[in-house]
Amino acid sequence: MRSTLSTFNEVWQQQFRHRVLAQTQHFSKDTQFLIGCSGGMDSMLLLYLMSEIFPSQTRSIYVDHQLQSSSTEWGYLVQKQSEQLNIPCVIQKVHVDAGNLEQQARHARYQAYIQHLKSHEILVLAHHQQDQAETLLLRLFSGAGVNGLSAMQAYDVRKDLTIWRPFLELSRQQIEEWAKQIGFDYVVDPTNHDTHYDRAWCREELWPVLEKRFPKMQSAVSRTSYLMQDATEILDDVLQSDWKLCATENELDLTRLLELSDARKRQLLSAWMKGKDQYRPSYDMVKRLQDEVIFAKPDAQATLHINSYYYLRYQKKLYRLTHAELYAEKLFPIQPIMNQSYNLEQMIQTASGKFKILTQDIGLSKQLLNKDLKLIKRQGGEKIHLYGRIGHWPLKKAIQEAQILPWFRHTIQILVVENVMLGVFSPKGFWLAQSDYIEQGGWQPSLVSDCRENSPQSFSNDE
């Protein structure tokens with residue numbers, strides 16, 4: 001096989017080698033390559049060519065979806081050819097969940113890739129120009145926007161892996177010619193022609209009709225994806241600017257959001273709703289969020305549940321909460337602590353957050369250190385005489401003035417000794433109450449991190 005490759009070398013050296021080396025600007029000398037090889041013509045050609053250019057940096061992986069009776073034999077073929085090329089090979093069986101078969105198989109395949117990828121290793125896939133054009137058309141039919149129409153990138157950096165597609169600008173015809181010149185065995189997957197699947201239908205039914213009318217359609221549609229990638233990059237610059245102005249991970253400033261154009265509003269909302277998910281929400285979901293929550297009547301307590309999050313508006317801000325965060329009061333009830341002592345420099349965990357006991361200019365008497373105190377839950381109707389203020393205030397009013405979000409108010413706890421209120425633990429800090437126990441150089445709990453930095457399950461009082 002090496003002699004065949006040497007003969008072929010003259011053909012592809014000026015084309016493929018030049019194309020590959022032009023893309024290696026992203027790689028370091030330590031970069032390793034894991035080729036996702038299905039046994040098909042495209043990926044087997046990639047295996048051969050990569051073994052020539054990066055013989056000591058390449059290995060292959062065959063993912064057996066166990067959906068075809070011949071899938072095990074295909075894995076043996078990939079392993080055999082890899083061994084002939086001195087390329088290490090991994091065979092990984094996966095289970096494909098029920099549902100959309102194409103989507104679930106893809107998910108299982110990529111999970112296997114991630115499982116086997118090593119540090120400094122890039123996943124190399126054999127997607128080519130027709131794959132790119134098909135992807136764009138299928139996304140267009142599903143109503144995708146600019147991001148979706150960008151289709152696949154030749155060098156795709158993701159959160160958990162990096163993908164390189166060196167064939168992406170090569171036509172199917174070019175790949176077939178090169179494969180014929182080398183002359184190797186490869187797999188023909190019957191599902192590639194099963195029009196029950198969207199991509200196969202696009203390739204078998206739609207493609208011939210379009211190419212008959214538009215002979216250069218493949219390269220034109222593929223070119224559109226690159227124009228969309230440029231547009232996406234420009235939009236990302238705008239998005240980053242709008243994000244800094246309006247958004248944090250789970251909050252949106254609605255006053256600033258509404259100053260943006262409608263298009264920029266939708267883009268920011270779409271990116272914000274996406275969060276850490278792989279895909280952005282649909283146009284309809286973004287519109288529902290606008291209509292049912294953002295533009296709801298000012299006095300409406302609107303909440304929208306989309307996927308695993310709840311979206312709600314409060315005081316000109318939009319919040320994204322998990323089920324555990326929104327319903328923490330019911331899911332994780334807070335129990336009073338009847339006997340708890342405090343020491344200087346001690347770290348304590350309360351429902352409102354983590355606090356450290358420190359000496360302050362004004363604080364609680366040191367006689368209370370090492371003495372049993374009570375930490376009780378707010379019941380409603382309590383009044384507090386805040387240190388430095390005149391008269392008693394309803395605790396509810398103090399909470400509102402501190403702008404503590406409603407779904408965190410259940411974490412507020414009152415520190416008591418002998419029925420005397422010493423102060424209140426809140427997500428905004430410890431509020432010292434006026435009492436006979438105040439002295440100069442006394443101690444106070446100082447907030448280290450509030451309850452937002454802890455999971456709802458940590459709303460217990462145990463340290």
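1. Let's start with Met41. Leaving aside neighbours within four places in sequence, Met41 is in contact with Arg172, Ile175, Glu176, Ala179, Phe184, Tyr186 and Val187, where contact means heavy atoms within 4.5 Å. Met41 sits in helix H2; helices (H or I, at least four residues) and strands (E, at least two) are DSSP runs, numbered from the N terminus. At 9% relative accessibility, Met41 counts as buried. For the record, buried means under 20% relative accessible area, exposed over 50%, and partly exposed in between (1.4 Å probe, protein chains only).

2. A word on what you're looking at. This is a predicted model, in which local features need pLDDT of at least 70 and side-chain atom pairs count only at pLDDT 80 or more, while totals for chains, interfaces and linings use all residues. Residues are numbered from 1 along each chain as its sequence is written, and side-chain values use heavy atoms, with hydrogens and water left out.

3. A UniProt "binding site" annotation, from an unreviewed entry, covers Ser38, Gly39, Gly40, Met41, Asp42 and Ser43. UniProt positions are given in the numbering used here, feature names are shortened, and annotations may be inferred rather than shown by experiment. Gly39 lies in the loop between S1 and helix H2 (41–53) and is buried, at 0% relative accessibility. Setting aside neighbours within four places in sequence, the contacts of Gly39 are Met44, Val78, Tyr186 and Val187. Tyr186 and Val187 turn up in the Met41 list too.

4. Now the overall shape. A compact globule of 463 residues would have a radius of gyration near 23 Å, but this protein has 31 Å. That radius is taken over C-alpha atoms, and the globule rule is 2.2 Å times the number of residues to the power 0.38. Along its principal axes the C-alpha trace spans about 95 × 50 × 40 Å. The protein has 15 helices and 21 strands, and buried residues make up 46% of the 463.

5. Two more whole-protein numbers. Among contacts between residues at least 6 apart in sequence, 67% join residues at least 24 apart. The accessible surface comes to about 24,800 Å², of which 47% belongs to carbon and sulfur atoms; areas come from the Shrake-Rupley method with a 1.4 Å probe, and for residues only the protein chains shown count as cover.

6. Helix H4 (residues 101–116) is worth a click. Its 16 residues reach 23 Å from first C-alpha to last, close to the 22 Å expected at 1.5 Å a residue; the expected span is 1.5 Å times one less than the number of residues. Buried in H4 are Ala105, Ala108, Tyr110, Ala112, Tyr113 and His116. The cover over those buried residues includes strands S1 (32–36), S2 (58–64), S3 (89–93), S4 (121–124) and S6 (162–164).

7. Helix H9 (residues 217–246) has 30 residues, which at 1.5 Å each should span 44 Å; the end C-alpha atoms are 41 Å apart, which agrees. The buried residues of H9 are Met217, Gln218, Val221, Ser222, Ser225, Gln229, Thr232, Leu239, Asp242 and Cys246. Cys246 counts as buried because its relative accessibility is 6%.

8. Cys89 is in no disulfide, and the nearest cysteine sulfur, that of Cys37, is 7.5 Å away.

9. UniProt (unreviewed entry) lists residues 373–447 as "domain: Lysidine-tRNA(Ile) synthetase C-terminal". Over that range the chain is 9% helix and 44% strand, with the end C-alpha atoms 19 Å apart. Phe425, in strand S18 (residues 420–426), is buried at 0% relative accessibility. Its contacts beyond four places in sequence are Tyr342, Ile348, Thr350, Ser352, Phe355, Leu375, Thr411, Ile412, Gln413, Leu415, Phe430 and Pro445. Phe425 and Ala351 are 74 residues apart in sequence and 8.3 Å apart in space, C-alpha to C-alpha.

10. His120 is not a glycine, yet its phi is positive, near 65 degrees. His120 lies in the loop between H4 and S4 and is exposed at 57% relative accessibility. Asn419 is likewise a non-glycine with a positive phi of about 65 degrees. Asn419 is in the loop between strand S17 (413–417) and S18, and is exposed with a relative accessible area of 76%.

Conventions
A disulfide is a pair of cysteine sulfur atoms within 2.5 Å.
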